[in-house]
Amino acid sequence: MFAKHSKIITITAIATSLSFGALYATAQDKYGIGTSVGPDEIAKYDNDIHIDGTGLPEGSGNVALGREIYEYQCALCHGEKLEGVREMGAQTLHEGRRDIKKLPYATSLFDFIRRAMPLTDPGTLSNDEAYGLTAFLLVETGVINDPNLTLDAESVKAIKMPNRDKFIIDPASRFTAKDLEDK
């Protein structure tokens, strides 16, 4: 008896799945949603940078470029002095929970800037602009004391952030203590 009901349940499940698939296809045609993603679109988002610097792109940027980009692209949300504009949803970048000094790796800062900023058009900064912004922020927050700092892939991964040795690995993370060791 159970086998008979099992077959009916299986057939019903398949029929329901096919029906929803047909409805989705109709919605795709009718409303223009659900377009396929091509290799170029995937590449745009599949560009994460490992904490050891693997994946850092070519290019370079200095504090002066970073300051210019910050004033034009970032100050609206992050404030003229990195104080954060709460009405825009941005917290301070040099104290409290979002303090850049608390990051364990400069590569993480670069990666976040490159992928998620500016808020209005994420991922549109050039590599040079992202390196420049990273340099500017590291100098402005006191991590590095060099107003002429220029960063590229090699120099970003060589930076030892003040909080590196105090960083605690999230147990749910895919990273281990070995991943965090200096190479």
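Here is a short exchange about a predicted model.

Biologist: What are the ground rules for this model?
Modeller: Residues are numbered from 1 along each chain as its sequence is written, and side-chain values use heavy atoms, leaving out hydrogens and water. The model is predicted, so local features need pLDDT of at least 70, side-chain atom pairs count only at pLDDT 80 or more, and totals for chains, interfaces and linings use all residues.

Biologist: Is D111 buried or exposed?
Modeller: D111 is found in helix 4, residues 106-116. Helices are DSSP runs of H or I with at least four residues, numbered from the N terminus. Buried means under 20% relative accessible area, exposed over 50%, partly exposed in between, with a 1.4 Å probe and protein chains only. D111 has 7% relative accessibility, so D111 counts as buried.

Biologist: Which residues is D111 in contact with, leaving aside neighbours within four places in sequence?
Modeller: Contact means heavy atoms within 4.5 Å. By that rule, the partners of D111 are N47, D48 and I49.

Biologist: How are helix 3 and helix 5 placed relative to each other?
Modeller: Axes are lines fitted to C-alpha atoms, for helices over the stretch in contact, and angles run from 0 to 180 degrees between N-to-C directions. The axes of helix 3 (residues 63-78) and helix 5 come within 7 Å and cross at roughly 95°. Angles under 35 degrees count as roughly parallel, over 145 as roughly antiparallel, 65 to 115 as roughly perpendicular and the rest as oblique. Helix 3 and helix 5 are therefore roughly perpendicular.

Note on methods
Helix = DSSP H or I, 4+ residues; strand = E, 2+ residues; numbered from the N terminus.
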